[in-house]
Amino acid sequence: MSKTGYVNSIQSLGAVDGPGIRFVVFMQGCNLRCGCCHNPDTWALTGGTATTAEEIIAKAERYREYQGDTGGITLSGGEPLLQAEFAYEVFSLAKDRGINTCLDTSGSVMNDEVLKLLSVTDRVLLDIKYTDDRSYREYAGCELDTVLGFLALLNQRKIPTTLRQVIIPTLNDNEENILRLGDIAKRHPCVDKIELLPFKKMCKVKYDNLKLPFRFGHLPEPTAEKIAELENLLK
Ligand code: SF4
């Protein structure tokens, strides 16, 4: 166990990326370019802080008392599947110590290392960006079928899954999309939760600092009422 991992940042006491209180590790590097991305600083495939799985677990264990029975460690990004071997080492060590493991992913990468990683993953947060292929290709940079294939595998392996979707006004804040999302969930019994997350623009400063265009910078944030209305469609 000595694979080097490259980490963008760490949140010691995260409350929104998986069950309970979690030690959240944002991995460096992403293969997609989502217009709504709030972490463009994770995109570059090089850079990040070099670390080992042992170092990550030692840090996570310092917060063990806050994690309790439900919390644990989450690997997010960027795209953690791009560093699947390292992620496997982190999760294996976590499981040896009885720490719950959660993977926050776009589900757009599949290979033998990813399959191995899933064998030590307690929950997946699958970020399904859109429910139509055209939007997926245009605004995220991958195919809907790739992500659905990933979800089918999670279902086959019975890995508890939370489907998450960032709600972006004019692009996916419509009934048709949400009903399709609900239908996808229904067809995959591994999905026990759906989270609709409001598109936020406070990340604009990151784009400015990186001198990158914020592709959805012109779009409004959704209102709380709109999110509640869409959530109602899923009931
Ligand atoms: S997959 Fe996540 S980190 Fe990558 S571009 Fe999309 S939102 Fe950003």
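Biologist: Which residue, with a positive phi, follows α6?

Modeller: This is a predicted model, in which local features need pLDDT of at least 70 and side-chain atom pairs count only at pLDDT 80 or more, while totals for chains, interfaces and linings use all residues. Residues are numbered from 1 along each chain as its sequence is written. Helices (H or I, at least four residues) and strands (E, at least two) are DSSP runs numbered from the N terminus. After α6, with a phi near 55°, comes Lys158.

Biologist: How far apart are the end C-alpha atoms of α6?

Modeller: The expected span of a helix is 1.5 Å times one less than its number of residues. For the 13 residues of α6 (residues 144-156) this gives 18 Å, and the distance between the end C-alpha atoms agrees: 18 Å.

Biologist: Within what arc do the buried residues of α6 fall?

Modeller: A residue is buried if 20 or more other C-beta atoms lie within 10 Å of its own, exposed if 12 or fewer, and partly exposed in between, with C-beta atoms placed from the backbone. In α6, Val147, Phe150, Leu151 and Leu154 are buried. They line one face of the helix, because their directions from the helix axis to the C-beta atoms fall within an arc of 100°.

Biologist: Which exposed residues does the face turned away from the buried side of α6 carry?

Modeller: The buried side of α6 has Phe150 among its residues. The face turned away from that side carries Asp145 and Gln156.
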